[in-house]
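Please read them with the structure open.

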Amino acid sequence: MKINESQIKQVNAEIEQLIKADSFYGQRLKEHGISGIETVEDFEKLPFSEKKDLRDAYPLGLMTAPEEKIVRIHSSSGTTGLPVIIPYTQKDVDVWAEMFKRCYEMAGITNLDRIHITPGYGLWTAGIGFQAGAEKLGAMVIPMGPGNTDKQLQMMSDLGSTVLCATSSYALLLAEEIEKRGIKDKIKLKKGVIGSERWGEKMRNRITNELGIEIYDIYGLTEIYGPGIGISCKYDCGMHYWDDYIYIEIIDPVTLKPVPDGEMGEVVITTLCKEGAPLIRYRTHDLSKIIPGECECKSKFPRLGTIMGRTDDMMKIKGVNVFPSQIEEVLAMFHEISSEYQIRISHLDGKDTMRIYVETTGDVDFIDLSKRIAEKVKSKIGFTPLVKVVEMGVLPRSEKKSKRVFDERYE
Ligand code: ZN
C-alpha cells in the first residue's frame with residue numbers, strides 16, 4: 001500500500017516541525033539535504049529511524065513541540081540500557097484516545113459495556129491508553145492494573161465486567177484460575193481485547209473456550225502512541241489500522257526495500273499528525289504483512305496481518321533460518337500439549353542445538369511424544385531438535401509478556 005497524496009502532505013508538515021525543533025531526525029534530514037517530499041519515491045528515500053536513535057535521544061531529545069505544549073511523557077520498558085522517553089501534546093493524547101475508541105467500536109463494544117483493564121498503569125502506555133479510549137466511548141472503566149488475582153476475580157464477578165483487556169498470558173492465567181475455582185457462572189465476560197505479544201492459535205482457542213469470549217487482537221507500541229493503532233474485527237482476518245493517523249509499510253529487513261502487499265517483512269510505521277514526538281519510517285522489528293483487498297466487514301481501513309514474531313527473533317540453527325512462529329505452528333499440530341512452550345538454543349561440542357520444552361498431562365507417553373514432535377520439526381523445518389516433555393503447569397506463566405526463546409549461545 002503506497003503512501004497517498006494527503007499522507008504525503010501530513011508527512012511534510014511533520015518534516016517541517018522536526019527540522020525546526022532540530023531533534024535527532026530533524027538533524028538527520030538536514031544531513032541528507034531533505035526539507036520536504038513530493039512523490040512516493042521521495043518518501044521511500046527518507047532515512048529510517050530505530051529504537052537505538054530514540055535511546056540515544058534520552059531523556060528529551062525527541063521533543064518536537066515547544067515545552068508549553070507537552071502534557072505528559074511515556075516510556076518504553078528498556079530491557080537493556082536506557083529507556084525511551086516519548087513526549088505527548090494534548091492533541092497526541094486526544095488522537096490516541098480517538099484511535100482507541102475506534103478499536104472498541106470495531107470490536108462491537110459500546111457505552112453499556114464494563115471494561116476491566118489489567119495492563120499496567122504508570123510510565124508505560126498500556127493501562128492509560130485502554131482507559132482513555134473507553135472513557136471516550138462512554139463505557140464504565142474498571143481500572144485494575146496487573147496482579148492480585150483474588151481481587152481481579154472478585155471485582156470481575158461483583159461488578160459484572162463484560163470486557164477483559166489483558167495480555168494473552170494474563171488472560172490465560174485468569175481463565176485457568178476461574179476454571180480452578182469453579183466460578184465460571186459468576187463471570188459475565190463477553191469479549192477480550194488482547195494485546196502486546198505474539199501468541200499461537202492454541203493459546204487463543206484455550207482463552208476463547210475457557211472464558212467463553214470473543215477475542216480481538218489489538219496492536220500498538222509505545223513509540224507510536226501505544227496500543228490502539230489497530231485491532232482485528234469480528235471476521236478475524238488481520239488488524240484494521242487507522243491510516244489517517246499512521247502510515248504502515250512493510251520492508252525486507254535485509255535489503256530495506258518495501259515489499260509488495262501480501263508479502264511478509266518488517267513493519268515500518270510513520271506517524272501522520274504527531275506533535276510531541278513524530279516518527280518517520282520507524283522500524284518496529286515486528287514481522288507481518290499488509291493483507292490486500294477489502295475485508296468482509298466492509299471497513300475502508302487497511303489491514304495488517306497477525307504479528308508473526310520479531311525480525312531479531314530469527315535464529316540460525318545448523319545453517320537454517322528459523323522463526324519461533326514456525327516452531328509454534330508445528331507444536332499446534334499436537335493436541336496433547338498445552339499452549340506453553342520454551343525454546344532454548346545452545347552451542348554444544350561445536351554444534352548448535354535447539355531444545356524445545358512442552359507440557360502435557362500424565363496419561364501421555366512422554367518419550368513417544370518427544371520423538372513424534374522432533375520428527376515433525378525435522379520434516380517441516382529441516383533440522384532435529386531435542387524435545388523435552390514436562391508435566392502440565394511446570395513452564396512459567398507470567399502477568400506480563402512470557403519470554404519463550406532463550407539463546408544461550410550469547411549469554
Ligand atoms: Zn474487517
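1. Ser-338 contacts. Start with the side chain of Ser-338: one of its polar atoms sits 3.2 Å from the backbone nitrogen of Glu-340. The model is a predicted one. The Ser-338 side chain also makes a polar contact with the side chain of Glu-359, at 2.8 Å. Beyond its neighbours within four places in sequence, Ser-338 is in contact with Lys-202, Arg-206, Glu-359 and Met-392.

2. Ser-338 setting. Is Ser-338 buried or exposed? Its relative accessible area is 7%, so Ser-338 is buried. The residue belongs to strand S18, which covers residues 337-348. Cover is the rule along this strand: of the 12 residues in S18, nine are buried.

3. The sheet around S18. Four strands make up an open sheet, ordered S20-S19-S18-S21, with mixed pairing. Strand S20 (386-391) and strand S21 (405-407) are the edge strands, each pairing on one side only. From one strand to the next, the twist averages 15 degrees.

4. S18 with S19. Strand S19 spans residues 351-360 and runs antiparallel to S18, with nine bridges joining the two. Two facing pairs can be checked by eye. Ile-345 stands opposite Met-354 in S19. His-347 stands opposite Asp-352 in S19. The hairpin of S18 and S19 has two residues between the strands. Please look at Asp-349 in this hairpin, where phi is positive, near 45 degrees.

5. S18 with S21. Here the pairing is parallel, over three bridges. Which residue in S21 does Ile-343 face? Ile-343 stands opposite Val-405.

6. Val-405. This residue is in strand S21. Leaving out residues up to four places away in sequence, Val-405 touches Met-315, Pro-324, Ile-343 and Ile-345. For a distance check, take Leu-123, which is 282 residues from Val-405 along the chain. The C-alpha atoms of Val-405 and Leu-123 are separated by 26 Å.

7. Domains. The domain assignment of the protein chain gives domain 1 as 89-311 and domain 2 as 314-410. The centres of domain 1 and domain 2, taken over C-alpha atoms, are separated by 27 Å.

8. Cysteines. How many disulfides does a search of the whole structure find? The search finds zero. Cys-237 is in no disulfide, and its nearest cysteine sulfur, that of Cys-295, is 3.8 Å away. Cys-237 counts as partly exposed because its relative accessibility is 25%. Cys-295 counts as buried because its relative accessibility is 3%.

Note on methods:
Residues numbered from 1 in each chain as written. Predicted model: local features only at pLDDT ≥ 70, side-chain atom pairs only at ≥ 80, totals over all residues. Heavy atoms only, no water. Disulfide = S-S within 2.5 Å. Buried < 20%, exposed > 50% of the residue type's maximum accessible area, 1.4 Å probe, protein only. Polar contact = N/O pair within 3.5 Å; in protein donor to acceptor, adjacent residues only side chain to side chain. Contact = heavy atoms within 4.5 Å. Domains from an automatic or database assignment. Pairing = 2+ DSSP bridges. Axes fitted to C-alpha atoms, helices over the stretch in contact; angles between N-to-C directions.
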